[in-house]
Amino acid sequence: LSERLSGVFDRLTKQGALSEEDVKTALREVRVALLEADVSLPVVRKFVKDVQAKATGQAVTKSVTPGQQVVKIVHDELVEVLKGEGDPGALKIDNPPAPILMVGLQGSGKTTTTAKIAKRLTEREGKKVLMASLDVNRPAAMEQLQILGNQVGVDTLPIVKGETPVQIAKRARTQASLGGYDVYFLDTAGRLHIDQELIQQAADVRDVVEPRETLLVVDGLTGQVAVEVAEEFDDKIGVSGVALTRMDGDGRGGAALSMRAVTGKPIRFVGTGEKVDALEEFDPERIAGRILGMGDIVSLVEKAQETLEAEQAERMLKRLQKGQFNMNDLKSQLEQMLKMGGMEGLMGMMPGMGKMKGQMAEAGMDDTVLKRQIALINSMTKKERANPQILQASRKKRIAAGAGLEVSELNKLLKQHRQMSDMMKKLGKKGGRNALKQALG
Ligand code: GDP
Ligand code: MG
């Protein structure tokens, strides 16, 4: 934001920069919020340290307090840490039938979560799903899955007593192939604690079916334990994703943060109740909001930032209308273009700019060029940016050298600026305010 527009806003930015003291004060509260949400201490320490470094010196948006600003920064950082790669709900189930292995401690919610995900795949993606219980330890565990299957309308592998988990897994694979299933879930047995036998059982099954996904189900209420369990399972069996259960009620999501920070495993699903449709795709924003419990402050700061951006755009518009299109304006335009994915963006939208766009395309304008142009403007003094017409040979040489580029490149930039500036003036005079406004978004 601070980079977006200079001039008037430079001043404002400096006045409202976050001091180290502001950040420290605000982070004390954040620290408490994180610990209360059951985030593990080392994770809290590292997180707070990272945010401290990031936040100090950052601009405070007009009309919010430094504390509120820090909360917003913390929120964004939380989302960043929580976010895995790609779409959390998208399971790798191409190449049918795709085996999905469900692992976790007893009572973590494996069987329930299996049925929940199976239901989701069936209803939302129209997949043909088979579920098999490999839980030969707990009485009635297989029947539990069968009942859930009936409830959600998903097939279960017929129960045959006396088989080993590996035998059941093989039977499930055969049945899934013959029956034309897209996916088959293998719901393994759990123990109250991780032990060798449990791990071995899951590993044997893994080696036989080579699961496309191995989803670890952990109780989100167990906080630190959940993270230890995840590390152990990942180490011994290999985990491709995590489902956090019992995130309804009091679970404040701290386990999610520790889980991401410590194991780096993507969280795919969140269980929010005992009912079969109490399953959500993992949403970092929502969990971040829950951990911080300061959702209203976050939206307040967002609103203030939006307002400020609108004000900046308005001011820019006024300057453009008056024909005051200087290098600072050009720079923010270039940065905007870069943000919008290069040349196609802004220029293409500007009325009457088609020709110049063509010229630029000819000149091979791409992101590298944009970045070089920005570097050139950066190496100008304040005065030069405001009045590019004062640029004579010696100044040009200095500027080009400062950016590590040729004077010819600077000349191209200046020509581009003149053309744009003329265009803006014309548009402004013709009362092209609306066109301009539209073009600037
Ligand atoms: P498993 O031993 O890992 O297969 O666990 P189960 O699937 O049998 O679940 C154990 C208990 O936890 C059952 O009573 C479930 O209804 C309950 N449960 C599972 N997921 C959730 C959840 O997300 N929220 C709540 N409140 N209860 C859950
Ligand atoms: Mg079970």
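Modeller: In this predicted model, the largest nonpolar core has 85 residues, and A132, L186 and A230 have the most contacts inside it. Helix α4, residues 66–82, gives the most to this core, with six residues. At least three residues of the core come from each of two domains, domain 1 (8–83 + 294–298) and domain 2 (98–282). Another core lies apart from it, with 11 residues, among them M327, I374, M380 and L413.

As for A230, its contacts beyond four places in sequence are L216, V218, V239, V242, M259, T263 and K265. One of these, V242, belongs to strand β6, which covers residues 241–245.

Strand β6 has five of its five residues buried, so the rest of the structure largely encloses it. In a regular strand the side chains alternate between the two faces of the sheet. In β6, G241, A243 and T245 point one way while V242 and L244 point the other way, and all are buried. Strand β5, residues 213–219, runs parallel to β6 and is joined to it by five bridges. Within that pairing, L215 has G241 as its bridge partner in β6.

L186, another residue with the most contacts inside the core, sits in strand β4 (183–187). This strand is mostly covered, with five of its five residues buried. V183, F185 and D187 lie on one side of β4 and Y184 and L186 on the other; all of them are buried, and both faces are covered.

The buried residues of α6 are M142, L145, L148 and G149. Seen down the helix axis, they fall within an arc of 125°, so they line one face of α6. The face turned away from that buried side carries the exposed residues E143, N150 and Q151. The length of α6 can be checked as well: at 1.5 Å a residue, its 12 residues (141–152) should span 16 Å, and the end C-alpha atoms are 17 Å apart, which agrees.

Some backbone angles around these elements deserve a look. Most residues other than glycine have a negative phi, and most peptide bonds are trans. Just after α6, G153 takes a positive phi of about 70°. A140, in the loop between β2 and α6, has a phi near 70°, a positive value in a residue other than glycine. A140 counts as exposed because it has 10 C-beta neighbours inside 10 Å, and the cut-off for exposed is 12 or fewer. E210 is another residue other than glycine with a positive phi, near 45°. The place of E210 is the loop between α8 (196–209) and β5, and E210 is exposed, with 10 other C-beta atoms within 10 Å. The peptide bond from P96 to P97 is cis, with omega near -5°; P97 lies in the loop between α4 and β1.

F269, in strand β7 (residues 267–271), can be followed in the same way. This residue is buried, with 24 other C-beta atoms within 10 Å. Leaving out residues up to four places away in sequence, F269 touches T113, I117, A243, L279, E280, E281 and F282. Of these, A243 is one of the buried residues of β6. The C-alpha atoms of F269 and K116 are separated by 10.0 Å, although these residues are 153 residues apart along the chain.

For the protein as a whole, there are 20 helices and eight strands. Buried residues make up 39% of its 441 residues. Among contacts between residues at least 6 apart in sequence, 76% join residues at least 24 apart.

Methods: Residues are numbered from 1 along each chain as its sequence is written. Chains are lettered from A and ligands numbered from 1 in the order in which they are written. This is a predicted model: local features need pLDDT of at least 70, side-chain atom pairs count only at pLDDT 80 or more; totals for chains, interfaces and linings use all residues. Helices (H or I, at least four residues) and strands (E, at least two) are DSSP runs, numbered from the N terminus. The expected span of a helix is 1.5 Å times one less than its number of residues. A residue is buried if 20 or more other C-beta atoms lie within 10 Å of its own, exposed if 12 or fewer, and partly exposed in between; C-beta atoms are placed from the backbone. The arc is that of the directions from the helix axis to the C-beta atoms. Two residues are in contact if their C-beta atoms, placed from the backbone, lie within 7 Å. A nonpolar core is a set of buried Ala, Val, Leu, Ile, Met, Phe, Trp, Tyr and Cys residues joined through C-beta atoms within 7 Å. Domain bounds come from an automatic or database domain assignment. Two strands pair if DSSP finds at least two bridges between them.
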